[in-house]
Amino acid sequence: MALANSVLQIVEDTARRHGAHRVSAVRLEIGRLSHVESEALRFSFDVVTRDSLAEGARLEIMATAGMAWCMRCSDSIALDRLGDPCPRCGSYQLQVTGGDDMRVRDIEIQ
């Protein structure tokens, strides 16, 4: 619920700055390693947007790939889940370098 509230705050602030009367769509990028459950976020978004500029807005979620640096083979690799080994050498000595974030990509306003 806290994430949905934060998204709504960003969306409403942006919409007001641009003189919008209504938000019709919100597009989010969510990294595969971010620990954000998309369906729970959709439900929470519907709840927190009631009686707001974004009420009834379409929520589009795009998953972004997880990326990590393998310390053993010194290569950047795609990673689907935290705790998975390097697909090249099998090492678990990985440092996450991307795909652990969430951001509002854009919004459609009217």
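I begin with burial: a residue is called buried under 20% relative accessible area, exposed over 50%, and partly exposed in between, with a 1.4 Å probe and protein chains only. Helices (H or I, at least four residues) and strands (E, at least two) are DSSP runs, numbered from the N terminus. This is a predicted model, in which local features need pLDDT of at least 70 and side-chain atom pairs count only at pLDDT 80 or more, while totals for chains, interfaces and linings use all residues. Residues are numbered from 1 along each chain as its sequence is written, and side-chain values use heavy atoms, with hydrogens and water left out.

Let us take helix 2 first. Which residues of helix 2 are buried? In helix 2, residues 38-48, they are L41, S44, F45 and V48. These residues lie on the same side of helix 2, because they cover an arc of only 105 degrees around the axis, the arc being that of the directions from the helix axis to the C-beta atoms. E39 and F43, on the other side of helix 2, are exposed. The cover over the buried residues includes helix 1 (2-17), strand 1, strand 2 and strand 6 (102-109).

S44, in helix 2, has a relative accessible area of 9% and is therefore buried. Leaving out residues up to four places away in sequence, S44 touches M1 and A4, where contact means heavy atoms within 4.5 Å. From S44 to L3 the C-alpha to C-alpha distance is 8.4 Å, although 41 residues separate them in sequence.

The second topic is E29, which is placed in strand 1. With a relative accessible area of 19%, E29 is buried. Its side chain is joined to that of R103 by a polar contact of 2.8 Å; such a contact is a pair of N or O atoms within 3.5 Å, where within protein one must be able to donate a hydrogen and the other to accept it, and residues adjacent in sequence count only if both atoms are side-chain atoms. Beyond its neighbours within four places in sequence, E29 is in contact with residues including M62, T64, D101 and R105.

Finally, the lining of the largest pocket. Strand 1 (23-31) and strand 2 (58-64) each supply at least two residues of this lining.
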